[in-house]
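I opened this model to look up a few loop residues, then the sheet and the cores. My entries follow in that order.

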Amino acid sequence: MDKKVVLTGSSSGIGKAIAEVLEKNGYYIISFTSRLEDVASIEKEAKDILASNDIDVLINSAGFGMFEPHEELNPKNISQLIAVNLTAPIILSNLFLRSLKKTKGHIINITSIEATKHSKFSATYTASKAGLRDFSLSLFEEVRKSGVRVTSINPDITKTPFYDNLKFEPSHSDDTYLLPQTIADSVLEVLNIKGVITDISIRPQRLEIKKK
């Protein structure tokens with residue numbers, strides 16, 4: 001029987017690439033579609049999934065960014081960013097963990113290279129992604145005896161719709177950005193390796209961005 005994967009953010013970008021790669025390799029994708037700012041909706045959808053499934057993998061891929069001077073951010077948008085990037089993955093891990101313990105499953109959190117460093121105009125985004133990365137590393141220590149694996153994947157600049165509403169985007173040089181397929185292939189490798197990759201950063205060879 002195909003292993004069942006609950007995946008957020010499957011409609012575009014890295015999440016879509018992950019869904020395509022895993023489906024080609026025998027995984028059954030359950031796209032999680034609730035608004036990630038709405039805790040009640042998250043709980044209801046998770047309960048509905050668990051009513052008929054034991055889950056083998058949870059992949060938290062949904063996320064978005066804001067890169068502005070902190071005083072210029074909208075408080076509502078700050079709250080939404082933290083809800084989507086940090087709170088929702090923590091809640092989903094909580095809701096699916098008992099099922100994952102039954103299957104000796106795997107939680108993969110797609111964070112960001114910003115989780116590992118500090119950049120101007122990125123304070124809130126960095127806080128959300130660093131929080132998710134540290135959550136992943138701490139949760140692994142908690143659940144490793146149960147057989148559950150936990151991985152944080154920290155991609156650098158990746159050519160996706162993530163940049164559609166931002167003031168910058170990847171440059172045209174193909175050695176300055178990653179492709180979603182690269183991250184998806186890394187997810188498959190992490191799932192298949194014997195042992196646990198708890199934390200992995202993936203970066204292009206050169207750093208270069210283009211202002212819009």
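**Entry 1: Glu114.** I started with the partners of Glu114. It touches Ser119, Ser122, Tyr125 and Thr126, not counting residues up to four places away in sequence. Contact here means heavy atoms within 4.5 Å. I placed Glu114 in the loop between S4 and H4. Helices (H or I, at least four residues) and strands (E, at least two) are DSSP runs, numbered from the N terminus. Is Glu114 buried or exposed? Its relative accessibility is 11%, so Glu114 counts as buried. Buried means under 20% relative accessible area, exposed over 50%, and partly exposed in between, with a 1.4 Å probe and protein chains only.

**Entry 2: ground rules.** I noted that this is a predicted model, in which local features need pLDDT of at least 70 and side-chain atom pairs count only at pLDDT 80 or more, while totals for chains, interfaces and linings use all residues. Residues are numbered from 1 along each chain as its sequence is written, and side-chain values use heavy atoms, with hydrogens and water left out.

**Entry 3: positive phi.** I looked up two residues. Phe121 lies in the loop between S4 and H4. Its phi is near 65°, a positive value in a residue other than glycine. At 41% relative accessibility, Phe121 counts as partly exposed. Lys104 sits in the loop between H3 and S4. Lys104 is not a glycine, yet has a positive phi of about 50°. Its relative accessible area is 57%, so Lys104 is exposed.

**Entry 4: Ser61.** I found Ser61 in the loop between S3 and H3. Ser61 is buried, with a relative accessible area of 13%. What does Ser61 contact, leaving aside its neighbours within four places in sequence? I listed Leu7, Thr8, Ile14, Gly15, Ile18 and Ile110.

**Entry 5: the sheet.** I traced an open sheet of 6 strands in the order S2-S1-S3-S4-S5-S7, with parallel pairing. Two strands pair if DSSP finds at least two bridges between them. Which strands stand at the edges? They are S2 (27-32) and S7 (199-202); each has a single partner strand, so one side of each is left without a neighbour in the sheet. Neighbouring strands of this sheet are turned by 20° against each other on average, direction ignored. I then picked one pair. S4 (residues 106-110) and S5 (residues 149-155) pair in the parallel sense over 5 bridges. Ile110 stands opposite Ile153 in S5.

**Entry 6: helices across the sheet.** I checked H1 (residues 13-24) next. H1 lies across S1 (3-8), S2, S3 (57-60), S4 and S5, and runs at about 155° to S2. H4 (residues 123-143) lies across S4, S5 and S7, at about 160° to S5. For these angles, axes are lines fitted to C-alpha atoms, for helices over the stretch in contact, and values run from 0 to 180 degrees between N-to-C directions.

**Entry 7: cores.** I looked up the nonpolar cores. Each is a set of buried Ala, Val, Leu, Ile, Met, Phe, Trp, Tyr and Cys residues joined through side-chain atoms within 4.5 Å. The largest has 26 residues, and Val6, Phe32 and Phe96 have the most contacts inside it. S2, H2 (39-50), H3 (75-103) and H4 each supply at least two residues of this core. H3 gives the most, with 8 residues. Apart from this core lies another, of 24 residues, among them Leu7, Val57, Ile110 and Val187. I went back to Phe96 for its partners. Not counting residues up to four places away in sequence, Phe96 touches Val6, Phe32, Ala46, Ile49, Leu50, Ile55 and Leu58.

**Entry 8: whole chain.** I counted 5 helices and 8 strands in the protein chain. Along the sequence they follow the pattern β-α-β-α-β-α-β-α-β-β-α-β-β. Buried residues make up 51% of the 212 residues. Of the contacts with a separation of 6 or more, residues 24 or more positions apart account for 74%. The C-alpha trace spans about 45 × 35 × 30 Å along its principal axes.
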